[in-house]
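Please open the structure in your viewer and keep the selection panel at hand.

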Amino acid sequence: IGEVRRYLRDNNSMRVSRSLRDIAYKAITAKEALTKKFNKEPTIEAIAEEIEMKKEDVLFALDAIATPLSLYEPVYQ
Amino acid sequence: MIHLEFNSESENEGIARVLAATYMMKFDPTMEEMADVKTAVSEAVTNCIVHGYEDDQGKIFMDISNEGSVLKIVIEDFGVGIPDVKQAMEPMYTTKPDEERTGMGFSFMEAFMDKIEVSSESGKGTRVIMEKKVTGK
Amino acid sequence: MIHLEFNSESENEGIARVLAATYMMKFDPTMEEMADVKTAVSEAVTNCIVHGYEDDQGKIFMDISNEGSVLKIVIEDFGVGIPDVKQAMEPMYTTKPDEERTGMGFSFMEAFMDKIEVSSESGKGTRVIMEKKVTGK
Ligand SMILES: Nc1ncnc2c1ncn2[C@@H]1O[C@H](COP(=O)(O)OP(=O)(O)O)[C@@H](O)[C@H]1O
Ligand SMILES: Nc1ncnc2c1ncn2[C@@H]1O[C@H](COP(=O)(O)OP(=O)(O)O)[C@@H](O)[C@H]1O
Ligand SMILES: [Mg+2]
Ligand SMILES: [Mg+2]
């Protein structure tokens, strides 16, 4: 079963919190680019596709970087 | 329809918010629509924790469902209740002016959702029903 | 402790998975720890949907809690149940070999979590209790 585990995924000891910051940064950059390109706000799914991430991870990342204070601002400042 | 039950601890506010955001993903929302719903959920749950239960601990229920593209979120506590709902919903009205409350919670819920309905009974609790059409546009 | 109730629809599998992931964020987990828990939840919920209720609709409960850094997840259905739990948990054992089931669901849960306990009664349903120490290391 240890084999199964190794087979299924690379050993990844990076913290989720750190990876989420990277994803969020990419998502926001992609959002701005897509908005310019199509002249309307992209959906989360379109953003996820653009940066080749799952939409659930994009959602998660965006939430993780939104501090309570930025709640009433755009999610990213 | 999904139903979530959690204790009135502030760390659970984030859990409720992410659950609502996750549920609405099936409508292919924009970031802005998602942020609107998260803000509304956040305000409603915070109210249950801060006002509904004050220093007590209690249960909070959240139901999320949809009819077509209309998202419906019900958030409910079984705490002190609101004696005068109409007054409570007025912009800037707060019973806790000292604790960095702005009195704008209900106003945000109204602004970011299409519809909000509040029912409450003193000593029994408070239920907030919110709806929003989510179109990804 | 949080408690989630949802219908046995496959779209809800993702919701359960994200909820578990959200809950465990307080332990500042590694990517691997989070992937492990998400896989285990996914397998357990899929089993409720595919085997527990087969073509029927039914409720699935998920409880998430922790004692210190030990995360505990209970996933429960009220479907057909498992006549022989020991046999069902054997690697590659499946009662649906035709439908791209691998019979590895329980094996994954065992591999990715520290502890798994399955109890079931024919015609009553199935409960899976899983634990994992999450340390961010
Ligand atoms: N769940 C609740 N239980 C009891 N009282 C509530 C609840 N939600 C709101 N209230 C009352 O309504 C008032 C206005 O709420 P809100 O607009 O969110 O402003 P704030 O939370 O900043 O005070 C609160 O100050 C409180 O008196
Ligand atoms: N919730 C459940 N209700 C009824 N039967 C179940 C449930 N979970 C698992 N089983 C039984 O245990 C077997 C093994 O499960 P699993 O290891 O996940 O493999 P698979 O799902 O690929 O068949 C299933 O084929 C099924 O017969
Ligand atoms: Mg408020
Ligand atoms: Mg399985």
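A polar contact is here a pair of N or O atoms within 3.5 Å. By that criterion, an oxygen atom of ligand 2 makes such a contact with a polar backbone atom of C:Thr102, at 3.2 Å. Please bear in mind throughout that the model is predicted.

**Stop 1: ligand 2 and its polar contacts**

A polar backbone atom of C:Gly105 lies 3.2 Å from an oxygen atom of ligand 2. How much of ligand 2 does the protein bury? On its own, ligand 2 exposes 540 Å², of which 95% is buried by the protein.

**Stop 2: the shell around ligand 2**

Now extend the selection to the residues surrounding ligand 2, which number 19. The closest of them are C:His51, C:Asp77, C:Thr94, C:Thr95 and C:Gly103. Colouring the shell by class shows seven nonpolar, ten polar and two charged residues. Next, highlight α2 (31-52) and α4 (105-112) of chain C, each of which contributes at least two residues to this shell. The largest share, four residues, is supplied by α2(C). With a surface displayed, ligand 2 is to be found in the second largest pocket.

**Stop 3: ligand 1 and its polar contacts**

Move to ligand 1 and select B:Thr95, B:His51 and B:Gly52 with it. An N or O atom in the side chain of B:Thr95 is 2.5 Å from an oxygen atom of ligand 1. For the side chain of B:His51, the distance from an N or O atom to an oxygen atom of ligand 1 is 2.7 Å. B:Gly52 takes part through a polar backbone atom, which is 3.4 Å from a nitrogen atom of ligand 1. Of the 530 Å² of accessible area that ligand 1 has on its own, the protein covers 95%.

**Stop 4: the shell around ligand 1**

Which pocket holds ligand 1? The surface view places ligand 1 in the largest pocket. Around ligand 1 there are 19 residues, and those that come nearest are B:His51, B:Asp77, B:Thr94, B:Thr95 and B:Gly103. By class, this shell comprises seven nonpolar, ten polar and two charged residues. In chain B, α2 (31-52) and α4 (105-112) each provide at least two of the shell residues. With four residues, α2(B) accounts for the largest share.

**Stop 5: an aromatic pair in chain B**

Over all chains, a search of the whole structure finds four aromatic pairs. Select B:Phe61 and B:Phe78: their ring centres are 5.0 Å apart and their planes stand at 70°, so the pair is edge-to-face. Because B:Phe61 belongs to strand β2 (residues 59-67) of chain B and B:Phe78 to the loop between β3 (70-77) and α3 (85-88) of chain B, the pair ties together parts that are 17 residues apart in sequence.

How values were computed
Residues numbered from 1 in each chain as written. Chains lettered and ligands numbered in written order. Predicted model: local features only at pLDDT ≥ 70, side-chain atom pairs only at ≥ 80, totals over all residues. Heavy atoms only, no water. Near = heavy atom within 4 Å. Polar contact = N/O pair within 3.5 Å; in protein donor to acceptor, adjacent residues only side chain to side chain. Areas by Shrake-Rupley, 256 points an atom, 1.4 Å probe, with all protein chains shown as cover. 1 Å grid on protein atoms, 1.4 Å probe; cavity = no way out; pocket = protein on both sides within 12 Å on 5 of 7 lines; lining within 4 Å. Sits in = over half its atoms within 2 Å of the grid points. Nonpolar A, V, L, I, M, F, W, Y, C, P; charged D, E, K, R; others polar. Phe/Tyr/Trp six-rings, centres within 6.5 Å; stacked < 30°, edge-to-face > 60°.
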